[in-house]
Amino acid sequence: LNNGLVDNGKFGQINLRHGTSVDLNFAFVNGGGSPVVIDELSWRFFDLDQSICPCNFTTCPVGIGGDEPINYCSNCDAEFPREQLRIPMSEVDVVTLSDGLIPPVDSRICQYQDMTSFLFNSRAVGNGDDNPTDPENLDDFQKSLLVDLTYTDVSNFNASYCIINGAGTVGRNIIFAFNFSECV
């Protein structure tokens, strides 16, 4: 598994096996272990994408149009892995997808919400070759797979990450980076 810092420390990365999930709690502490409050925190998730179907049929309806993510191949009758991010609504102040950037880029992420959370699902096939290497230098495709969350006066927050469908020993990576203002 490839967990930790990647691309010269520019990103954090968590690898998750297909068909599994993880609940994460991020906490900011000083050297003595005491909580630190961040005035404003931008937490960016990059590369929220999905695998291609097992048959590699090139015309699979993967992430094409519609509001709901597609995770079914009409050619081989298979479901394929896709990433989902769940963020508690009570914790985040602002959510921005790539279509809210300046200039806007069409988002390839399906965003919806249930009673307690924002949910983000992939709608585009991706692989390691299209992963970003610098959070400040993204092409349009990389921007289209971006979720930017803004928190204020935060010392910790929660997220859930899962790979819906799939099996076996392979996994997918969630890549993230922080940008924050002064600490209190």
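This is a short tour of the structure, stop by stop, with what to select at each one.

**Before you click**

You are looking at a predicted model, in which local features need pLDDT of at least 70, side-chain atom pairs count only at pLDDT 80 or more, and totals for chains, interfaces and linings use all residues. Residue numbers start from 1 along each chain as its sequence is written, and side-chain values use heavy atoms, leaving out hydrogens and water.

**Stop 1: the whole chain**

Switch to cartoon and colour by secondary structure. Reading from the N terminus, the order is β-β-β-β-β-β-β-β-β-β-α-β-β-β.

The protein exposes about 9500 Å², with carbon and sulfur atoms supplying 48% of that (Shrake-Rupley method, 1.4 Å probe; for residues, only the protein chains shown count as cover). Of the 184 residues, 46% are buried (buried is under 20% relative accessible area, exposed is over 50%, partly exposed is in between, with a 1.4 Å probe and protein chains only). Among contacts between residues at least 6 apart in sequence, 77% join residues at least 24 apart (a contact is heavy atoms within 4.5 Å).

**Stop 2: the salt bridges**

The whole structure holds three salt bridges (a side-chain nitrogen of Lys or Arg within 4 Å of a carboxyl oxygen of Asp or Glu).

Select D134 and K10, whose side chains meet at 3.6 Å, N to O. D134 sits in the loop between β10 (117-122) and α1 (140-143) and K10 in the loop between β1 (4-6) and β2 (11-17), so this pair ties together parts 124 residues apart in sequence. D134 is partly exposed at 23% relative accessibility, and K10 is partly exposed at 38%.

Next, select R44 and D148, with their closest N and O atoms 3.2 Å apart. R44 belongs to strand β4 (residues 38-46) and D148 to strand β11 (residues 147-154), a link between distant parts of the chain, 104 residues apart. R44 is partly exposed, with a relative accessible area of 21%, while D148 is buried at 10%.

Then pick R86 and D114, where the closest N and O atoms are 2.6 Å apart. R86 lies in strand β7 (residues 82-88) and D114 in the loop between β9 (109-113) and β10, so the pair ties together parts 28 residues apart in sequence. Both ends are partly exposed: R86 at 28% relative accessibility and D114 at 31%.

**Stop 3: the largest pocket**

Select K10, S42, R44, F46, P135, E136, A177, F178 and N179, which line the largest pocket. β4 and β13 (171-180) are the elements giving two or more residues to this lining. By type, the lining has four nonpolar, two polar and three charged residues (Ala, Val, Leu, Ile, Met, Phe, Trp, Tyr, Cys and Pro are nonpolar, Asp, Glu, Lys and Arg charged, and the others, Gly among them, polar).

The pocket holds about 160 Å³ of space. Here a pocket is an open set of points on a 1 Å grid over the protein atoms alone, where a 1.4 Å probe fits, with protein on both sides within 12 Å along at least five of seven lines; lining residues have an atom within 4 Å of a point. Points are joined across faces, edges and corners, and the volume is the space filled by probe spheres set on them.

**Stop 4: D47**

Finally, centre on D47, in the loop between β4 and β5 (72-73). Is D47 buried or exposed? D47 is buried, with a relative accessible area of 6%. Show its surroundings: neighbours within four places in sequence aside, D47 contacts E83, D130, N131, P132, L145, N173 and I175.

Definitions and conventions
Helices (H or I, at least four residues) and strands (E, at least two) are DSSP runs, numbered from the N terminus.
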